[in-house]
Amino acid sequence: MQEYSSQAAYDRGEAVCVIGAGASGLIAVKNLRENGFEVDCYERDTVLGGLWNPQNQHSPLYPNTHLVTSRSQTEIPDFPMPDDWPDYPSAAQMLTYLTSYAKHFGLSEHIWYGSEISNIEPVEGSRFEVIVKPAAGNAARRLRYAAVIIATGHHWAPNLPAYPGQDQYRGTVLHSSQLKDASRLRGKNVLVVGGGNSGVDIACEAAVNASSCVHSVRRGSWHLPKYLGGEPADYALNRLGARPKFLRRFLTDRLLKGPARLAARMGVDVPDRGPTGEEPVRNGRYFEHVGDGSITRRGEIAHLDGFEVAFADGTEMRPDLIVFATGYRPKVTAAPAKLLGIDGDSQYPKLLARMFSPKLETLAVAGLVEPGVGVLPIVHWQTHAIAHWLHVRKGDPERAANFRRQVVSESAQYEVEPGGASPRHQLAVDAEAYLASLGRIIDTLEQEPAK
Amino acid sequence: MSLTAWVRRARTPAPVAVAREFAYLEPADLFDLDIKDDPEASPALCCTGDPAGAAAFNALWLKRIAASGRYAAAVSVRGQGGTAVAEGGVEARAHDLVQAAVNVPRQAVLIGHREGASWAALAAGRYPAAGLVLVSPQKFPKQPPKPVGNPPVLLVVSESEAQSKEAQAVTDAYGVAPLTFAGSPDEVFKGPAAEGLLDAVLSWLANKN
């Protein structure tokens, strides 16, 4: 049983609780305040910036992390990044950007650091009782809020594979988030496992730092360089969206012909679906390193044994260091699973329009999507919609009920069929379809009420 | 800014980046003990259609705004004052203004004079300004974008312009009545008319922000 400093919950009236002060949380706080809500934001760590802050103890940053989507496609729509920054800013620049966003809109004074939300309980119909557990001391506090927005992200609970014999393996094993410094790779025979963006980036770091690098990849994926046709790749592809439909397919194929042929030459099979279906790997250096032999590609690991690693194709190796760049599991600890539509054996939330709780009207999640494009603008429009929704709900219950029906009908339209085997594919959406759907939702919310 | 406007913008090439001339004055820079820095007051960012750019505000505006306890800043958009000439029309100039606005430490009030007023109106469609002050607007867009975050809007025109087409367009777009000042719309940077105008703007700001 938990001990509470006071039995009675402190009522915060119409205020909204935001959980997490990473990029999504900050955007949520700013958009809610712009719509006139009082906001309390709780951050488990002692710093803001979430995954972009290396001081955050759950930070997933690895050596030399850079954005994989370009500046113009990643910046928050109403707060552009400085235009003298490079096309692909570094993690440190992202942190600078988020810090100046928080400072510019005066968000810091609404953030409570070192406060973990251990649970939220629905009370009095649509309100919530939030249990805040401070990092120091054990007296939890109870507060009541009109609404809760969860922005805890999905890049902090490492997803570790389990290969036969892994518990008896006696070499060094690190998850990508534990590899903070490229000097750990120096002079070693490194095995990098995982073909996502982090795996490919770390393989490239190992290619120049380690004495040898083997990259174990289970399945093919789209590989895009960071520049296509003289422009940042995501911008070049996005720009084709402005063309008429019959031309778009042709122009996209023409743009992707080079990268696809290179991938084929390197023995990577490309999924049938275009690179927009699931997050492509965006790294222009990787195939150069594969091409000059500093990275050796292998298939899946069959089993580990002592110091040996055996691959499915029968080859064996003896690495000094294994880096598992196997990504993260989506994990929401703040709210009871059933409120987010997690049921049965699936651990993935089933949300309406990828943001609203299917059970309660005033519970929403920001940023729990993998759109395959820059996620900050998506979160901006999500929280814009959530803030407007809370606003409409307060003033006009009839419109709110109609809106609810629309959201339910929208929810099915941008699912990417779950073909991928890795955890993040459960969160994948088709960016264009999802944005169109968000646009319809926002339009409905911003309409003048019918008199 | 609406989602569709953002989607369209993300698909158009960004204007060429230029090094912008940016002048600012903080209340503490005035070395006057009587002036109190007001941390709650929104900073003010000025721009003008005058080719002198930011330098035009040096004579009076920046000092007077800082003396009221606000962070005062002015920017020269491409082609003005100390900023290099670069390609791009009004959209690029609005981009310059937004870039200068995010550089200001806190959410800023945009003050635009002459063509600067139309750039400020476009910028306010992309950046949630704390307020929008349009002084004698010129070449004002027919359908200015809806300002993000619903900032308060102030329109100030000279007495001779009170009935002009521009003033009418702004009134229709934002639903605000113009405030008039005595004097010529091009002589707002110094002289008694300029002081009267500035006092009016600052007292409006003091009430709103």
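Here are some notes on this predicted model, chain by chain and then residue by residue.

1. First, some housekeeping. Residues count from 1 along each chain as its sequence is written, and chains are lettered from A, with ligands numbered from 1, in the order in which they are written. Since the model is predicted, local features need pLDDT of at least 70 and side-chain atom pairs count only at pLDDT 80 or more, while totals for chains, interfaces and linings use all residues.

2. Let's start with a sheet in chain A. It is open, has 5 strands in the order β10-β21-β11-β12-β17, and its pairing is parallel. β10 (172–175) and β17 (296–298) of chain A sit at the edges with a single partner strand each, so one side of each has no neighbour in the sheet. From one strand to the next, the twist averages 20 degrees. A word on terms: strands (E, at least two residues) and helices (H or I, at least four) are DSSP runs numbered from the N terminus, and two strands pair if DSSP finds at least two bridges between them.

3. Now zoom in on one pair. Strands β11 (residues 189–193) and β12 (residues 212–216) of chain A run parallel and share 5 bridges. Look for V192(A): its bridge partner in β12(A) is H215(A). Helix α4 (residues 197–209) of chain A packs on the sheet and touches β11, β12 and β21 (321–324) of chain A, with a direction at about 170 degrees to that of β11(A). Such angles run from 0 to 180 degrees between N-to-C directions, using axes fitted to C-alpha atoms, for helices over the stretch in contact. Contact means that the C-beta atoms of two residues, placed from the backbone, lie within 7 Å.

4. Chain B has 6 helices and 7 strands, and from the N terminus on they run α-β-β-α-β-α-β-α-β-β-α-β-α. Its C-alpha trace spans about 50 × 35 × 30 Å along the principal axes. Of its 209 residues, 47% are buried; that takes 20 or more other C-beta atoms within 10 Å of a residue's own, whereas 12 or fewer make it exposed and anything in between partly exposed, with C-beta atoms placed from the backbone. Among contacts between residues at least 6 apart in sequence, 57% join residues at least 24 apart.

5. Where do the chains meet? The contact takes 24 residues from chain A and 20 residues from chain B. On the chain A side, the elements giving two or more residues are α2 (71–74), α3 (91–104), α5 (233–240), α8 (375–395) and α10 (431–446). α10(A) gives the most, with 4 residues.

6. Check out two arginines. Most residues other than glycine have a negative phi. R354(A), in the loop between β22 (328–329) and β23 (363–365) of chain A, has a positive phi of about 60 degrees although it is not a glycine. R354(A) is buried, with 24 other C-beta atoms within 10 Å. R114(B) also has a positive phi, about 55 degrees, and lies in the loop between β4 (109–113) and α4 (115–124) of chain B. R114(B) is buried too, with 21 other C-beta atoms within 10 Å.

7. Last, G293(A): buried or exposed? With 10 C-beta neighbours inside 10 Å, G293(A) counts as exposed. You'll find G293(A) in the loop between α7 (286–291) and β17 of chain A. Its C-alpha atom is 9.3 Å from that of S212(A), though the two are 81 residues apart along the chain.
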